[in-house]
Amino acid sequence: MSNAEYLTVLTTIDGAARAEEIARGAIEARLAACAQISASVASVYRWKGEVETAEEWQILFKTTGSRYDALEAYLKDVHDYDTPEIIATPVVRGSAEYLTWITEETDAP
């Protein structure tokens, strides 16, 4: 697998406990090797014609390109938002050992 086939996938949710539930579910299902939950952030966005501000927690998943579709489907299924933020960014470079670990942890057992 080339480095370009690895992704970080970002989503946000409105609570720390919910963020951990979503992260844990993705790891248990082997959709990602790792999920990092960041402390609350202030999000300012336009929704249904109004500018909104909300406190959210970011979840950053490390996964492979081959697991992206399943991870996206999982996030859409378990997410509380009508239109959840799901953004994938390719990993341009990474240590061979870490990328191998991501592959191993996202392969079916």
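Visitor: What is the basis for the values?
Guide: The model is predicted, local features need pLDDT of at least 70, side-chain atom pairs count only at pLDDT 80 or more, and totals for chains, interfaces and linings use all residues. Residues are numbered from 1 along each chain as its sequence is written, and side-chain values use heavy atoms, with hydrogens and water left out.

Visitor: Why is the aromatic pair of Y98 and W101 called tilted?
Guide: Rings of Phe, Tyr and Trp (its six-membered ring) pair if their centres lie within 6.5 Å, and planes under 30 degrees apart count as stacked, over 60 as edge-to-face and the rest as tilted. Y98 and W101 lie 5.4 Å apart centre to centre with 40° between the planes, so the pair is tilted. A search of the whole structure finds 1 aromatic pair.

Visitor: What separates Y98 and W101 in helix α3?
Guide: About one helical turn, because they are 3 residues apart in α3, residues 96-106. Helices here are DSSP runs (H or I, at least four residues) and strands likewise (E, at least two), numbered from the N terminus.

Visitor: Why does W101 count as partly exposed?
Guide: Buried means under 20% relative accessible area, exposed over 50%, and partly exposed in between, with a 1.4 Å probe and protein chains only. W101 has 31% relative accessibility, so it is partly exposed. Y98, at 35%, is also partly exposed.

Visitor: Which element gives the largest share of the lining of the largest pocket?
Guide: Strand β3 does, with 3 residues.
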